[in-house]
Amino acid sequence: MLYRMDSKNKGFNTICTHSGEILDKQFKGAISPIYLSTSYAFEDVDIKRYPRYFNTPNQEALCKKIAQLEKGETSLIFGSGMAAISTSLLAFLNKGDHAVLQRSLYGGTANLVSEEFEKYGIEYSFVDSQCVDGFNEKIKDTTKVIYIETPSNPLLTIIDIKAISNLANQKGIITMIDNTFASPVNQNPIELGIDIVIHSATKYLGGHSDILAGAVVSKEEHINKIFQLAKNLGGSLSDFTVWMLERSIKTLGLRVKEQNKNALEIATWLENHKDVSSVYYPGLRSHPDHKIAKEQMKGFGGMLSFELKNGLNAAVFQKELKLIKSSMSLAGVESTILSPAVTSHALLPKEERERQGIRDGLLRLSVGIEEKEDIINDIEQALQKIKALQPEY
Ligand code: PLP
């Protein structure tokens, strides 16, 4: 028996801790051994283990864990979130096919579509609206994939996952979701009818800002199709990083539940702060999509965005923060902040950014697991500093 135990029907934290662990038969160690071999003797002619075939012992073990966390049949682990996204999309889209995608996607995904699809002869339409009718209007006879990301980056808008999967099922269209922002702790889209769930495992699955990885979860049939392309494209993850990711996921439930709790309290505090003009967090009753978020999410996540009152300079505020670091990435155990207008969405023209509601002063906060009082005190001291620097305010 290769694996320690199958926790398939156990609780979330038990799956995080135990599923897919490799049994150390020889020394009876507590954790999975790492198999770094790139060459394996044939067990039989059908099993040729090789890292780029996504089938080393550590890769297979981690796939079990991630599939169980997302309630899917099986999964594949990739060298980055973008490798997972590009391979999944291209596996289901051929020349002449059409894809319907949400407009407010992670920038790398939007770039993949707008910079690469044309050369493969793949057509696409972006949907500006969040509602199912907006997606329906863009569907053509050749539409093969609907792709969504909810909660979205950076305004945390929510799409009704069940409504999208019902629409796609009726028309025989494959649905894909980037579930990175929610993480499997807060949202399991396969239970809501989605076919393929994708993660940048660099974010919550890794959680310590030291791993670049991606994951795709689905039925065997779909994963097989993605695998056929994946082995040709070659985007697998090194076994050492696979092992680190397995270890990181052991605390996924604990980390994300703490981040949910902190984010809700900080969002509520910010909403009541006299120097803050708006807060975007799906857990707040004031969020326009709060009702759908409550129906389809188990927690509201660790990401929130906010704007300071007119006249307070967001860039200076960011510089005055001491505990919260300015950083491009997100979802680590440490709190980080960025300004989407000068980072993740800098390539969009200002008018397009503003049309999407991303104003220059918007700040996106990735809430960590520090004590919430320390995060709040850091924000408060930075606000006091900039108010002292801007006496006219
Ligand atoms: N999806 C989302 C929502 C992201 O935020 C990111 C990266 O920031 C990606 C996908 C891409 O993941 P990676 O950087 O692991 O390739």
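Predicted model: local features only at pLDDT ≥ 70, side-chain atom pairs only at ≥ 80, totals over all residues.

How much space lies in the largest pocket? About 710 Å³ lies there, where a pocket is, on a 1 Å grid over the protein atoms alone, an open set of points where a 1.4 Å probe fits, with protein on both sides within 12 Å along at least five of seven lines, and the volume is the space filled by probe spheres set on the points, which are joined across faces, edges and corners.

Residues are numbered from 1 along each chain as its sequence is written, and side-chain values use heavy atoms, with hydrogens and water left out.

The largest pocket is lined by 35 residues, and Leu105, Tyr106, Gly107, Gly108 and Ser344 lie nearest its centre; a lining residue has an atom within 4 Å of a point. By class, the lining has 13 nonpolar, 16 polar and 6 charged residues, where Ala, Val, Leu, Ile, Met, Phe, Trp, Tyr, Cys and Pro count as nonpolar, Asp, Glu, Lys and Arg as charged, and the others, Gly among them, as polar. Helix H4 (107–116) gives the most to this lining, with 5 residues; helices and strands here are DSSP runs numbered from the N terminus, of at least four residues (H or I) and at least two (E) respectively.

Turning to the sheet, 7 strands form an open, mixed sheet in the order E1-E7-E6-E5-E4-E2-E3, with strands counted as paired if DSSP finds at least two bridges between them. Its edge strands are E1 (74–78) and E3 (123–127), each of which pairs on one side only. Strands E6 (196–200) and E7 (214–218) run antiparallel and are joined by 4 bridges, and Ser200 stands opposite Gly214 in E7.

Helix H2 (57–69) packs on the sheet, touching E1 and E7, contact meaning heavy atoms within 4.5 Å. The axes of H2 and helix H9 (239–249) come within 9 Å and cross at roughly 35 degrees, axes being lines fitted to C-alpha atoms, for helices over the stretch in contact, and angles running from 0 to 180 degrees between N-to-C directions. The residues of this contact comprise 7 nonpolar, 2 polar and 3 charged.
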